[in-house]
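These notes are for a colleague who is opening this structure for the first time. Please read them with the model in view.

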Amino acid sequence: TRTAVTVNNGNSYTTDGVGSIYYTDNFDLANDTIGLKARGYLVYYRGTGPQGVAATWFQGNTTVFSAFNGAANSYAGANYQVVTGLNNIDSWLVLPDMTVVTGDVLSFQCRTVSPSTFPDSVTVSYNASGGTTPESPGWVDLGKFKCDEAWTLKSFIAPSDGFAARFAIRYKVVDG
């Protein structure tokens, strides 16, 4: 297998021992909705209730925590302020399309605030047929996890080949 995707604030992680990288984004550019879309990401809010005061995905904030590496605000953030009241959060960050081979790896660093009392959860999804919206058929969940209070490497394996395939990183919380 080869590494298809590495999104990890500058460090390269591979599983094939060769060091091949197919796609990388160190998030040193603007990570607001406009900046993410300009780099080919698709951004969606699919929570319940009206959207709250925060953007679905936004530029990292150094008063919350510093980035894994690079500039202190070089990360894309999402949080509970995207919803109003006790509604469900489902904020999608769909990566640019790419050719993926079964066994390719998506790796990225993730964290939450410290100390945390929040159930900050992430679901990673994959669409081999290149779905561009959350409603597109073909999305498969690769895994779910609660974010740690320190930067932690998360990796997920593509279960099938895909031409113009997409991965999605979803900030997802029930009653956020």
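1. Burial, and what is being read. A residue is called buried here when its relative accessible area is under 20%, exposed when that area is over 50%, and partly exposed in between. By that cut-off both D90 and R170 are buried, and point 5 returns to them. Please keep in mind that this is a predicted model.

2. Overall make-up. The protein chain contains 1 helix and 11 strands. Along the sequence the order is β-α-β-β-β-β-β-β-β-β-β-β. Of the 176 residues in the protein chain, 45% are buried.

3. Strand β11 and its partners. β11 covers residues 162-173, and 9 of its 12 residues are buried, so the strand is mostly covered. Strand β5 (residues 89-94) runs antiparallel to β11 and is joined to it by 6 bridges; in this pairing D90 stands opposite K172. Strand β8 (residues 121-127) also pairs with β11 in the antiparallel sense, over 6 bridges, and here S125 stands opposite A168. Strand β6 (residues 98-100) is antiparallel to β11 as well, with 2 bridges; M98 stands opposite A165.

4. In soluble globular proteins, nonpolar side chains tend to be buried together. In this model the largest nonpolar core has 29 residues, and F108 and F145 touch the most other members. At least two residues of this core come from each of β2 (42-45), β5, β6, β7, β8 and β11. Which element gives the most to this core? It is β11, with 5 residues. There is also a second, separate core of 5 residues, which includes W92, V94, W139 and A168. A168 is the residue already named in point 3, opposite S125.

5. Side chains of opposite charge can pair when their charged atoms come close. The structure holds 4 salt bridges. One of them is between D90 and R170, at 2.9 Å from N to O. D90 is in strand β5 and R170 in strand β11, so this pair links distant parts of the chain, 80 residues apart. Salt bridges that share partners join D90, D141 and R170 into one network. When looking at D90, note both its place opposite K172 in the strand pairing and its salt bridge to R170.

6. Two further salt bridges. Where do R39 and D25 lie, buried or exposed? Both are buried, and their side chains meet in a salt bridge of 2.9 Å, N to O. R39 is in the loop between α1 (33-38) and β2, while D25 is in the loop between β1 (5-6) and α1; the two are 14 residues apart. E135 forms a salt bridge with R46, with the closest N and O atoms 2.5 Å apart. Because E135 lies in the loop between β8 and β9 (140-146) and R46 in the loop between β2 and β3 (58-59), the pair ties together parts that are 89 residues apart in sequence. E135 is exposed, at 52% relative accessible area, whereas R46 counts as partly exposed at 34%.

7. The largest pocket. The largest pocket holds about 620 Å³ of space. It is lined by 31 residues, and those closest to its centre are F65, A76, G77, A78 and R111. The elements that give two or more residues to the lining are β4 (76-77), β7 (105-110) and β11 (162-173). β7 gives the most, with 3 residues. By type, the lining residues divide into 22 nonpolar, 7 polar and 2 charged.

8. A78, one of the residues closest to the pocket centre. A78 is found in the loop between β4 and β5. Its relative accessible area is 22%, so A78 counts as partly exposed. The C-alpha atoms of A78 and F58 are separated by 6.4 Å, and these two residues are 20 residues apart along the chain.

Definitions and conventions. Residues numbered from 1 in each chain as written. Predicted model: local features only at pLDDT ≥ 70, side-chain atom pairs only at ≥ 80, totals over all residues. Heavy atoms only, no water. 1 Å grid on protein atoms, 1.4 Å probe; cavity = no way out; pocket = protein on both sides within 12 Å on 5 of 7 lines; lining within 4 Å. Points joined across faces, edges and corners; volume = space filled by probe spheres on them. Helix = DSSP H or I, 4+ residues; strand = E, 2+ residues; numbered from the N terminus. Nonpolar A, V, L, I, M, F, W, Y, C, P; charged D, E, K, R; others polar. Buried < 20%, exposed > 50% of the residue type's maximum accessible area, 1.4 Å probe, protein only. Pairing = 2+ DSSP bridges. Core = buried A, V, L, I, M, F, W, Y, C linked by side-chain atoms within 4.5 Å.
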